Amino acid sequence: MQIAFLLSLTALASMSTAQSAGCNKNIPSKFPTPGSSTSLKLPGSDRQYRLYIPANYDKSTPTALYFSFHGASRDMLEEEELSQFSNPEFNPNGVAIYPDSKNGYWLSNPSADISRPNDLDFTNELLTHMEDKLCIDKSRVFSAGKSNGGGFTGVIACNATVGSRFAAFAAVSGAWYDTDDIEGVGPCAPAERAEGYPFLEFHGTTDTTAPIDGNTKKSPKLPVIDILQGWADRNGCGEKAQWARNETVFENPLVKHASWDCGSKTGIVQHYREGQNGHCWPSTVGNDDYERLASQCPLGKYVFNATEYIFDFFSGYRLDAVETDADAIGTILRLLLEDEGKDVLLSMHSYAGMPRAAAATGFAKLRRTQEGKAGGVIGLLFLRAVVMAEGSSCTGLKGGNVPPLGFYRRLNIADDPTTHFAADVESALAQSTVTELESHATLLFTSPQPHPVRADATYLSEVAGLYRHD
Ligand SMILES: *[C@@H]1O[C@H](CO)[C@@H](O)[C@H](O)[C@H]1NC(C)=O
Ligand SMILES: *[C@@H]1O[C@H](CO)[C@@H](O)[C@H](O)[C@H]1NC(C)=O
Ligand SMILES: *[C@@H]1O[C@H](CO)[C@@H](O)[C@H](O)[C@H]1NC(C)=O
């Protein structure tokens, strides 16, 4: 028997992305040049948005896309300033987009203009436009917003068509309305998905605009806990589920970080409760909110940057993370087996154990021989690889005190990854490789394992594991 190929590059599994139609096209002339922002109009509509393209944008590298929605009676310019999504300190590699509302309000707010095309239609079309014109990683599109913009992020998450295109959601001082009877919104009904609905909310305890426990005035807002428990429920935690942890992250002012674990989805819903903070976007250097809303936010600034926590949270999620990697490996396998009739030994190290164990489905040599086909996977070799049961993730297995996602991100990203992985390639290629790998580093911990082939009868005698004893 010829052992023709040993697929063993760990990095390969970490490089696959869901490329958009805009990959390899030049940036349209009206768009901002990399490293800057411009205000634009969505073609064929009267809707505006502001767009930021990172300095290191490369038309052949699929890039994450971050939406940031402004608060009621604010606009896209103020939101760019407030959320700092165009600041490379927080967002070194992603495209940021700031949609503008029709009349100062987003769908869900009783004052919003609900005529069609509505804000959901606009968001959906705008996302398609971005994917057509820029090289976007369709599995890494995220939504965040302030106040009414945070509430609208929840509206997106609840919509099966639009929400399914976003990997994770975050709201700062969300204004949460009951949308059941709002035309064009209705009850929350996201599409089912194995990876769940990652949801992060920040709220100040002295917020009088969108009070943390809700209000009963003219435009009633729901208590934040109802929203959090709603997402915990949709993630499989069951109704009115209690948080798994509620930890003090700062003593003065008191900041509590609560998180919910639903099955293997550890920390899938998270919340920061900000003592002595009102309706203000937390920032250690202050911002427009702290000037305008000084009476609610007497500290003038805060003890953390919500923006940093949002990007940390987002970095742990991607749509169909392991499946996307498995598909990319499957494409290569198919080429080797079906086109070239090779026999392949699949070796897997670390995270690669997850996608590769799924990618080999249906490719076993035994089965292919029985079917009279040439080539096949002759064995699976796990070299200190991650071996997960179907549907489990690493964080889900640990239970108890799981560190925040940012911890995993820092653990996984070397200070200068090029010295470890790409010392011998051209520096531009090394840099774009690092960009792709960085966003991928946390997925090992949060992603559920798709069906692993090692459990299949056709592979039973061809599985080996090598582990070192220290
Ligand atoms: C979800 O959004 C799409 C796109 O805007 C829209 O066509 C659809 O009606 C929305 N679904 C619901 C249930 O409102
Ligand atoms: C977390 O703890 C604080 C008090 O320590 C409490 O007020 C809050 O309701 C708890 N849960 C959440 C989700 O914030
Ligand atoms: C918060 O962000 C600002 C930039 O907006 C930065 O100067 C500051 O160092 C950050 N604070 C922390 C604690 O990281």
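Predicted model: local features only at pLDDT ≥ 70, side-chain atom pairs only at ≥ 80, totals over all residues.

Colleague: Great. In what order do the strands of the open sheet run?

Modeller: Ten strands make up the open sheet, ordered S2-S3-S5-S4-S6-S7-S8-S11-S10-S9, with mixed pairing. Helices (H or I, at least four residues) and strands (E, at least two) are DSSP runs, numbered from the N terminus. Two strands pair if DSSP finds at least two bridges between them.

Colleague: And which strands stand at the edges?

Modeller: Strand S2 (36–41) and S9 do; each has a single partner strand, so one side of each lacks a neighbour in the sheet. From one strand to the next, the twist averages 20 degrees.

Colleague: What packs on the sheet?

Modeller: Helix H4 (residues 148–158) does, touching S4, strand S6 (136–146), strand S7 (168–172) and strand S8 (199–204). Contact here means C-beta atoms, placed from the backbone, within 7 Å. The direction of H4 makes about 140 degrees with that of S6; axes are lines fitted to C-alpha atoms, for helices over the stretch in contact, and angles run from 0 to 180 degrees between N-to-C directions.

Colleague: In what sense do S3 and S5 pair?

Modeller: Strand S3 (residues 48–53) and S5 are antiparallel, over four bridges. Within that pair, Tyr 49 has Pro 99 of S5 as its bridge partner.

Colleague: Switching topic: which residues are around ligand 1?

Modeller: Leu 120, Asp 121, Asn 124, Asn 159, Thr 161, Val 162, Gly 184, Val 185, Gly 186 and Ala 189. A residue is near a molecule if its C-beta atom, placed from the backbone, lies within 6 Å of it. Helix H3 (119–133) and helix H5 (160–163) are the elements giving two or more residues to this shell, and H3 gives the most, with three.

Colleague: How does the ligand 1 shell split by class?

Modeller: Four nonpolar, five polar and one charged. Ala, Val, Leu, Ile, Met, Phe, Trp, Tyr, Cys and Pro count as nonpolar, Asp, Glu, Lys and Arg as charged, and the others, Gly among them, as polar.

Colleague: What about the residues around ligand 2?

Modeller: That shell holds Ile 225, Trp 243, Asn 246, Lys 256, Ala 258, His 271 and Arg 273. Strands S10 (255–262) and S11 (265–274) each supply at least two of its residues. Its classes are three nonpolar, two polar and two charged.

Colleague: Where are the cis peptide bonds you flagged?

Modeller: One joins Arg 116 and Pro 117, with omega about -5 degrees; Pro 117 sits in the loop between strand S5 (95–99) and H3. Another runs from Asn 252 to Pro 253, omega near 0 degrees, and Pro 253 lies in the loop between strand S9 (245–250) and S10.

Colleague: Last one: is Ser 60 buried or exposed?

Modeller: Ser 60 counts as exposed because it has 10 C-beta neighbours inside 10 Å. The cut-offs are 20 or more other C-beta atoms within 10 Å for buried, 12 or fewer for exposed, and partly exposed in between, with C-beta atoms placed from the backbone. Ser 60 is in the loop between S3 and S4, and touches Cys 23, Asn 24 and Cys 135, leaving out residues up to four places away in sequence.

Notes: Residues numbered from 1 in each chain as written. Chains lettered and ligands numbered in written order. Contact = placed C-beta atoms within 7 Å.
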